[in-house]
Amino acid sequence: MKRNTCLLVSAVVLFAAVIQTRADVSLPAGWYIEGNIGESKATSKTYPGVSSKKNTGKGWNVNVGYKFMPYLGLEAGFARYAPTRLNSPLETVARDSHTAYDVAGKAILPIACSGLELFAKLGVARIHSQVGVIDANGAAVYGLTFNTSSQSSTGLYAGGGAEYSFSPNIAANVQWNIAKGNSKTGNLQLLTAGLSYILDPAFM
């Protein structure tokens, strides 16, 4: 118990020191580019006859935006999600690839003068989905057929996260986003960590 109390006090003191160190540092504004990588998940799309599917894996996105301090930003992005693997009883016979473009407004809440901020995004996404057959013979054995034409839909894009500015130019973030599609494309989620670089930062 005493050890836990000491650890808690030490953490509070360290956080207070960071706040004090950054007390006179304003968060930067301006044009930025951002890259993120993490775990993606595709949902709300069915594949008749498929024995099983794996709809999670590595995904990434890149964003370009303008940050109006202290409370507002606007950004456009591109995301590539892990393909959904479609399985017969013995093997993967096809995979569904997913990408999306998005445009979103970004509401920002700076936390005191700590360099930390919380944010939420709301906008629109254009989703693209296309099935590619990996093993046509394996699919034929089990009578599996796939629509390999490209599918697209436009829907809601939303998300949220936190960002910490290490310097006027560089910040790190964690965030979760979802692009809502339809039954032909599914919904796409992305949980990531990444870095952003602010070009010629201004301060407000």
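Predicted model: local features only at pLDDT ≥ 70, side-chain atom pairs only at ≥ 80, totals over all residues.
Mentor: Ground rules. Local features need pLDDT of at least 70, side-chain atom pairs count only at pLDDT 80 or more, and totals for chains, interfaces and linings use all residues. Residues are numbered from 1 along each chain as its sequence is written, and side-chain values use heavy atoms, with hydrogens and water left out.

Trainee: How many helices and strands does the chain have?

Mentor: Two helices and 10 strands. These are DSSP runs, numbered from the N terminus: helices are H or I with at least four residues, strands are E with at least two. Along the sequence the pattern reads α-β-β-β-β-β-β-α-β-β-β-β.

Trainee: What makes E6 and E7 a strand pair?

Mentor: Two strands pair if DSSP finds at least two bridges between them. Strand E6 (residues 116–133) and strand E7 (residues 151–165) are joined by 14 bridges, so they pair. They run antiparallel. Ala 120 stands opposite Gly 160 in E7.

Trainee: Which residue in E8 does Gly 160 stand opposite?

Mentor: Trp 176. E7 pairs with strand E8 (residues 170–179) over nine bridges, in the antiparallel sense. The two form a hairpin, with four residues between them.

Trainee: How many bridges pair E8 with E9?

Mentor: There are 10, again antiparallel. Ile 170 stands opposite Tyr 197 in E9. Strand E9 (residues 187–198) also pairs with E1, antiparallel, over 12 bridges. There, Ile 37 faces Ala 193 as its opposite residue in E9.

Trainee: Why is Gly 38 called buried?

Mentor: Buried means under 20% relative accessible area; exposed is over 50%, and partly exposed lies in between (1.4 Å probe, protein chains only). Gly 38, in strand E1, has 15% relative accessibility, so it counts as buried. Across the chain, buried residues make up 40% of the 204 residues.

Trainee: What does Gly 38 touch?

Mentor: Gly 57, Lys 58, Gly 59, Leu 191 and Thr 192, leaving aside residues up to four places away in sequence. Contact means heavy atoms within 4.5 Å. Of the chain's contacts between residues at least 6 apart in sequence, 65% join residues at least 24 apart.

Trainee: Is Lys 45 buried or exposed?

Mentor: Its relative accessible area is 11%, so Lys 45 is buried. Lys 45 sits in the loop between strand E1 (28–43) and strand E2 (52–54).

Trainee: Which residues line the largest pocket?

Mentor: Lys 45 is one of them; the others include Tyr 47, Phe 146, Gln 151 and Lys 184. A pocket is an open set of points on a 1 Å grid over the protein atoms alone, where a 1.4 Å probe fits, with protein on both sides within 12 Å along at least five of seven lines; lining residues have an atom within 4 Å of a point.

Trainee: What is the volume of the largest pocket?

Mentor: About 250 Å³. That volume is the space filled by probe spheres set on the points, which are joined across faces, edges and corners. The lining divides into four nonpolar, six polar and two charged residues. Here Ala, Val, Leu, Ile, Met, Phe, Trp, Tyr, Cys and Pro count as nonpolar, Asp, Glu, Lys and Arg as charged, and the others, Gly among them, as polar.
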